[in-house]
Amino acid sequence: MGLDPLGLELESYSVPEVTEELRQQTGPSYRLTVSSSSGKLKIQSPTETSLKEVSERAKSLGDKIALSKADISVLALALDLQNEGKNPVIVSDDYAVQNVAEEAGISYQPLATLGIRQKFSWTFYCPACFRRYAEGEIQVCQVCGTKLKRKPLRKQDARKRHVKD
Ligand SMILES: [Zn+2]
């Protein structure tokens, strides 16, 4: 979906099935090739045990129908990494994937929350009168003199920019 592993500061993993799914698309496939050849992204197959466990959990949740082979592999690989003592976070906007991850106690994050290459844009606001200010403009509210606070722009904003990018 356009996630660029080169922009992430964490170890990234994917499964061979995802490589297959991306083969037909030039952009994501190219990024995957560059990322994996630069060692930023490890392509790894999950164990049979984890594949079986994910399939079972998905079946009991009724989500199996919505999961592709790649989805199941991603979930199973996350389970393997968790068993190795790592703390994996699945990046997926897929509700069925999130649902199974939740049930299996695996962390997940929708792609939109990562923004573009994990860069956040900030908006500054006055905590007293809620007036908004652009980044870097001023430090205190021009109306009431309260020290401004900052917060990340809303997810939807990040996604809109992402699509244009
Ligand atoms: Zn104010």
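1. R57 and E103 form a salt bridge in which the closest N and O atoms are 2.8 Å apart. R57 belongs to helix α3 and E103 to helix α5, so this pair ties together parts that lie 46 residues apart in sequence. The model under discussion is a predicted one.

2. The structure holds five salt bridges. One of them pairs K69 with E17, where the closest N and O atoms are 3.3 Å apart. This pair links distant parts of the chain, with K69 in helix α4 (residues 69-83) and E17 in helix α1 (residues 16-22), 52 residues apart. K69 is exposed, its relative accessible area being 61%.

3. Another salt bridge joins K59 to E56, and here the closest N and O atoms are 3.7 Å apart. Both residues lie in helix α3 (residues 48-61), three residues apart, which is about one turn of the helix. E56 counts as partly exposed at 45% relative accessibility.

4. Q98 is found in helix α5 (residues 95-104). Is Q98 buried or exposed? Its relative accessibility is 15%, and buried means under 20%, so Q98 counts as buried. Leaving aside residues up to four places away in sequence, Q98 touches S92, D93, Y108 and P110.

Terms used
Residues are numbered from 1 along each chain as its sequence is written. This is a predicted model: local features need pLDDT of at least 70, side-chain atom pairs count only at pLDDT 80 or more; totals for chains, interfaces and linings use all residues. Side-chain values use heavy atoms; hydrogens and water are left out. Helices (H or I, at least four residues) and strands (E, at least two) are DSSP runs, numbered from the N terminus. Buried means under 20% relative accessible area, exposed over 50%, partly exposed in between (1.4 Å probe, protein chains only). Contact means heavy atoms within 4.5 Å. A salt bridge is a side-chain nitrogen of Lys or Arg within 4 Å of a carboxyl oxygen of Asp or Glu.
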